[in-house]
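Please work through the exercises below with the sequence and the model side by side, trying each task before reading its solution.

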Amino acid sequence: MLTKKVTRIAIERIMKMYPNAVPSLDARTPFQKVVSVLLSAQATDVSVNKATPALFARFPDPATLAVATPAEVEPYIKTIGLYHNKAKYLVALGQKLTHDFAGVVPNTRAELVTLPGVGRKSANVVLGDAFGVPAFAVDTHVTRISKRLTIAAANDSVRQIETRITTALPEDEWIHGHHAMIYFGREVCHAKKPECAHCPLLDLCPFGQNYLAMNG
Ligand code: SF4
């Protein structure tokens, strides 16, 4: 396992590779962000970005979603995986925001996780991207990279990975660190055939060193 000090060095190296890493989900408001994040579960950000302009034109705020039926929402998101369930969540989200939060997306994790379809990871994304509140969201890329680099143990939970990273990295680097790790996971540390031979973190990475020894 990497120490906190080396964990910070590793993630800051990734941040240097992607100094301009930004969110890949298009959203101009906290409402659009929370909807986009909900839609992105088990779907690509590209597919979500293609669907949301028409969705937001028809349902621009929580109040319009609150009075819709899932069947009215489905046509706007049917190109996205699990659209049937997601349409139900969106209507429930609109109702919850309208009735319990006066139509305003809350900016605390404790409140965000009470919204339908919003778990801790999604809440962290909304906090960081929509409100600039320091939060570190652990997704599939962060999980894979953390375990390969031994920032985390092989059997660590998502919550444990979040704790390991947030106790090693200064708070003001959490949001950028999260986005940089996603870029790195997409472009270098792929799930299949990672680019270990060209990776600037190879000297810190037991997985990469072993992978190259086995695969030349
Ligand atoms: Fe990922 Fe390979 Fe780099 Fe390790 S050396 S972080 S496995 S790309």
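The model is a predicted one, in which local features need pLDDT of at least 70 and side-chain atom pairs count only at pLDDT 80 or more, whereas totals for chains, interfaces and linings use all residues. Residues are numbered from 1 along each chain as its sequence is written, and side-chain values use heavy atoms, with hydrogens and water left out.

**Exercise 1. The whole chain**

Task: Describe the secondary structure, the dimensions and the burial of the protein chain.

Solution. Begin with the elements, where helices (H or I, at least four residues) and strands (E, at least two) are DSSP runs numbered from the N terminus; the protein chain has twelve helices and zero strands. Next take the dimensions: the C-alpha atoms fill a box of roughly 60 × 30 × 30 Å along the principal axes. The radius of gyration, taken over C-alpha atoms, is compared with a globule rule of 2.2 Å times the number of residues to the power 0.38; for 216 residues a compact globule would have a value near 17 Å, and the 19 Å of the protein chain agrees with this. Finally, consider burial, for which buried means under 20% relative accessible area, exposed over 50% and partly exposed in between, with a 1.4 Å probe and protein chains only; buried residues make up 46% of the 216 residues.

**Exercise 2. Lysine 33 and phenylalanine 184**

Task: Is lysine 33 buried or exposed, and with which residues is phenylalanine 184 in contact, leaving aside its neighbours within four places in sequence?

Solution. Lysine 33 lies in helix H2, residues 30–39, and its relative accessible area of 4% makes it buried. Beyond its neighbours within four places in sequence, lysine 33 is in contact with Pro23, Leu25, Ala27, Val125, Val126, Asp129 and Ala130. Phenylalanine 184 belongs to helix H11, residues 174–187, and counts as buried at 2% relative accessibility. With neighbours within four places in sequence again set aside, the contacts of phenylalanine 184 are Ile14, Met17, Tyr18, Ile145, Cys189, Cys199 and Leu201.

**Exercise 3. Positive phi in two loops**

Task: Where do glutamine 42 and threonine 150 lie, and what is the phi of threonine 150?

Solution. Glutamine 42 is in the loop between H2 and helix H3 (45–58), and at 71% relative accessibility it counts as exposed. Although glutamine 42 is not a glycine, it has a positive phi of about 50 degrees. Threonine 150 is placed in the loop between helix H9 (140–148) and H10, and its phi, likewise positive in a residue other than glycine, is near 60 degrees. As background, most residues other than glycine have a negative phi.

**Exercise 4. Glutamine 160**

Task: Which accessibility class does glutamine 160 fall into?

Solution. Glutamine 160 is found in helix H10, residues 158–168, and its relative accessibility of 39% puts it in the partly exposed class. For a distance check, the C-alpha atoms of glutamine 160 and glutamate 173, 13 residues apart along the chain, are separated by 18 Å.

Notes:
Contact means heavy atoms within 4.5 Å.
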